[in-house]
Amino acid sequence: MPRKTNGIEFELHPSPKRDEEGKPLLYARPASGRKKTMKQLDDFCAEYRNLQKGEMERLFNLFLDVAGNWLSQGYRVETPIGSFSMKLKLIGEHSDPDKVTGRDILYNGVEFTPSKELVEKAGRRHEGPHKKSDIVGNSQMYDPKAMDEALR
């Protein structure tokens, strides 16, 4: 699939969903070759943000230990970059809450909701993919009535 280069580099890929004519719908994702490693983050913070070498890596390792433990106990972890919570899925269709057991609940990963500050800082320095300015990055703060009024 083609790689677009205006603004942020991104790639277009076909999805399993199809339109009315049977053609696969497309989805966009960041260009696959563009990534930064933890070592690059640590080096950058040591050189430009006055941190000691290895401090960022130790911080992330400690965060994974503590946050992973809290998430496994069912807590939501609020951080400056957003909140992490356990994503659960109910297996089957249930109408009676008394009949739902622990075996009907499936662990479905970790959900990340970015903070408003992170969304603003991540989207302010480029052209290309962008969010509407009137949509707040935190889904908990989304108000459909206010959105309808803003779009009028």
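Trainee: Which strand gives the most to the nonpolar patch?

Mentor: In this predicted model, strand E6 gives the most, with three residues. E6 spans 105-114, and strand E5, at 82-90, also supplies at least two residues of the patch.

Trainee: Which residues make the nonpolar surface patch?

Mentor: Here is a general idea to start with: in a regular strand, side chains alternate between the two faces of the sheet. Now the case at hand: Leu88, Leu90, Ile105, Tyr107 and Val110 make up a patch of about 460 Å². Tyr107 has its place in strand E6.

Trainee: Happy with that. How do I read a pocket, and what volume does the largest pocket have?

Mentor: Think of rolling a probe the size of a water molecule over the atoms, which shows where empty space is left. Here the largest pocket comes out at about 840 Å³. Its lining counts 22 residues, and those nearest the centre are Leu41, Cys45, Met56, Ile81 and Leu118.

Trainee: Which helices each supply at least two residues of that lining?

Mentor: Three do: H1 (38-48), H2 (55-72) and H3 (116-122).

Trainee: And what is the lining like by class?

Mentor: It has twelve nonpolar residues, along with six charged and four polar ones.

Trainee: Let's finish with a strand pair. In which sense do E2 and E3 pair, parallel or antiparallel?

Mentor: Antiparallel: residues 10-18 of E2 and residues 24-30 of E3 are joined over six bridges. To find one of these on screen, look for Glu11, whose bridge partner in E3 is Arg29.

Trainee: What lies between the two strands of this hairpin?

Mentor: Five residues separate E2 from E3, and in the turn Gly22 has a positive phi of about 90°.

Conventions: Residues are numbered from 1 along each chain as its sequence is written. This is a predicted model: local features need pLDDT of at least 70, side-chain atom pairs count only at pLDDT 80 or more; totals for chains, interfaces and linings use all residues. Side-chain values use heavy atoms; hydrogens and water are left out. Patches are made of residues with over 30% relative accessible area and no salt bridge: like charges are joined within 9 Å, nonpolar side chains (Val, Leu, Ile, Met, Phe, Trp, Tyr) within 5 Å. Accessible areas come from the Shrake-Rupley method with a 1.4 Å probe; for residues, only the protein chains shown count as cover. A salt bridge is a side-chain nitrogen of Lys or Arg within 4 Å of a carboxyl oxygen of Asp or Glu. Helices (H or I, at least four residues) and strands (E, at least two) are DSSP runs, numbered from the N terminus. On a 1 Å grid over the protein atoms alone, a cavity is a set of points where a 1.4 Å probe fits but cannot get out, and a pocket is an open set with protein on both sides within 12 Å along at least five of seven lines; lining residues have an atom within 4 Å of a point. Grid points are joined across faces, edges and corners, and a volume is the space filled by probe spheres set on the points. Ala, Val, Leu, Ile, Met, Phe, Trp, Tyr, Cys and Pro count as nonpolar, Asp, Glu, Lys and Arg as charged, and the others, Gly among them, as polar. Two strands pair if DSSP finds at least two bridges between them.
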